[in-house]
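Welcome! Here is a short tour of the charged side-chain pairs in this protein chain. Have a look at the sequence and the model first.

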Amino acid sequence: MSDFRQRITIEAGKRGGKPCIRGLRITVYDILGWLASGMSNADILEDFPDLTTEDIQASLAFAADRDHHLVAASS
C-alpha cells in the first residue's frame with residue numbers, strides 16, 4: 001500500500017504524537033500489537049468498527065516503511 005500516508009495522521013496533542021489512523025485515537029502501534037497478539041483482521045474489525053481493512057494494511061505498510069529506514073549504528 002503506497003498511499004498509507006493518507007490514512008496515518010500524526011498530531012502533537014493526540015496520543016502523544018504517535019501515528020494514528022485517520023485522526024482516530026487508535027494508533028498504528030495498537031493495531032500492530034493486536035496483530036502480534038494473534039488477533040485476526042476480522043477480530044480487529046469486529047472489536048473496532050471505526051477501522052477498515054485498509055487501515056490495517058496502512059498500519060503494516062507504515063511499519064514496513066519505517067523499518068526500511070532504520071540504520072544500524074556502527075560500533
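Five salt bridges are counted here, and the model they come from is a predicted one. As background, side chains of opposite charge can pair when their charged atoms come close. Let's walk through some of these pairs.

**Lys14 with Glu11**
- The side chains of Lys14 and Glu11 form a salt bridge, with 3.7 Å from N to O.
- Lys14 is buried, because its relative accessible area of 18% is under 20%.
- Glu11 is partly exposed, at 35% relative accessibility.

**Asp30 with Arg15**
- Asp30 and Arg15 meet through their side chains in a salt bridge of 3.1 Å, N to O.
- This pair connects distant parts of the chain, 15 residues apart: Asp30 belongs to helix α1 (residues 28-36), while Arg15 sits in the loop between β1 (8-9) and β2 (20-21).
- Arg15 has a relative accessible area of 29% and is partly exposed.

**Arg22 with Asp55**
- Arg22 makes a salt bridge with Asp55, and their closest N and O atoms are 2.8 Å apart.
- Arg22 is partly exposed at 36% relative accessibility, whereas Asp55 is buried at 0%.

Key: Residues numbered from 1 in each chain as written. Predicted model: local features only at pLDDT ≥ 70, side-chain atom pairs only at ≥ 80, totals over all residues. Heavy atoms only, no water. Salt bridge = Lys/Arg side-chain N within 4 Å of Asp/Glu carboxyl O. Buried < 20%, exposed > 50% of the residue type's maximum accessible area, 1.4 Å probe, protein only. Helix = DSSP H or I, 4+ residues; strand = E, 2+ residues; numbered from the N terminus.
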